[in-house]
Amino acid sequence: MRGLRLSPPIIFRLVAVGFVVLILIAASLHLRHVSHNVGVPDLGPPGSRDRLAAGLVRCQALGMKADRDPTCEAIWAENRKRFFAPETAR
């Protein structure tokens with residue numbers, strides 16, 4: 001019985017598949033240790049931003065949960081009202 005002969009293209013494919021497997025393993029190990037704690041980012045000193053901006057940051061940090069949050073809905077409504085207000089009302 002003859003031995004298995006590996007041609008250069010087959011060797012290259014095996015090495016490429018090995019690299020892909022190593023990358024997937026490294027990515028999964030990295031994602032396992034990523035912190036999933038969602039916190040509100042530092043907004044600077046108190047009073048430096050208005051309550052609407054702080055509320056928008058809070059709703060952004062909530063992610064998809066903000067869709068069902070009545071507080072976020074009110075904040076978004078106020079933000080739309082300010083955004084679409086005429087320049088003289090500002």
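These are my notebook entries on one predicted model, written as I looked things up.

**Entry 1: the overall layout**

I began with the fold of the chain. I found three helices and zero strands, and from the N terminus on the elements run α-α-α. Helix H1 covers residues 8-32, while H2 covers residues 51-62 and H3 covers residues 70-83.

Next I asked how much of the chain is buried. Of its 90 residues, 10% are buried. The chain exposes about 8,200 Å², and carbon and sulfur atoms supply 65% of that area. I also looked up the contacts with a separation of 6 or more: residues 24 or more positions apart account for 12% of them.

**Entry 2: the disulfide**

Which cysteines form a disulfide? I found Cys 59 paired with Cys 72, with their sulfur atoms 2.1 Å apart. The structure holds one disulfide. A reminder to myself: a disulfide is a covalent bond between the sulfur atoms of two cysteines.

Then I checked what this link joins. Cys 59 sits in helix H2 and Cys 72 in helix H3, so the pair ties together parts that are 13 residues apart in sequence. The angle about the S-S bond is -105°, and the link is left-handed.

Are these two cysteines buried or exposed? Cys 59 has 3% relative accessibility and counts as buried. Cys 72, at 0%, counts as buried too.

**Entry 3: the core around the cysteines**

I followed the cysteines into the largest nonpolar core. This core has five residues: Leu 52, Cys 59, Ala 66, Cys 72 and Ile 75. H2 and H3 each supply at least two residues of it. In general, nonpolar side chains tend to be buried together in soluble globular proteins.

I also looked up the neighbours of Ala 66. Leaving out residues up to four places away in sequence, Ala 66 touches Cys 59, Cys 72 and Trp 76.

**Entry 4: Asp 69 in the loop**

Where is Asp 69 found? I located it in the loop between H2 and H3.

What does Asp 69 contact? Apart from its neighbours within four places in sequence, Asp 69 is in contact with Arg 58 and Leu 62. With Arg 58, its side chain meets in a salt bridge of 2.8 Å, N to O. Arg 58 lies in helix H2 and Asp 69 in the loop, so this pair ties together parts that are 11 residues apart in sequence. Arg 58 itself is partly exposed, with a relative accessible area of 33%.

Glu 78 meets Lys 81 at 3.7 Å, N to O. These two are three residues apart in helix H3, so about one helical turn separates them. Between Arg 82 and Glu 78 the closest N and O atoms are 3.5 Å apart. That pair is four residues apart in H3, again about one helical turn.

Glu 78 is partly exposed at 29%, Lys 81 is exposed at 57%, and Arg 82 is partly exposed at 42%.

**Entry 5: a nonpolar patch**

Leu 4, Leu 6, Ile 10, Ile 11, Leu 14, Val 15, Phe 19 and Leu 22 make a nonpolar surface patch of about 820 Å². I picked out Val 15, which lies in helix H1 and is partly exposed, with a relative accessible area of 43%.

Methods
Residues numbered from 1 in each chain as written. Predicted model: local features only at pLDDT ≥ 70, side-chain atom pairs only at ≥ 80, totals over all residues. Heavy atoms only, no water. Disulfide = S-S within 2.5 Å. Buried < 20%, exposed > 50% of the residue type's maximum accessible area, 1.4 Å probe, protein only. Core = buried A, V, L, I, M, F, W, Y, C linked by side-chain atoms within 4.5 Å. Contact = heavy atoms within 4.5 Å. Areas by Shrake-Rupley, 256 points an atom, 1.4 Å probe, with all protein chains shown as cover. Patch = residues over 30% accessible without salt bridge, like charges linked within 9 Å, V, L, I, M, F, W, Y side chains within 5 Å. Salt bridge = Lys/Arg side-chain N within 4 Å of Asp/Glu carboxyl O.
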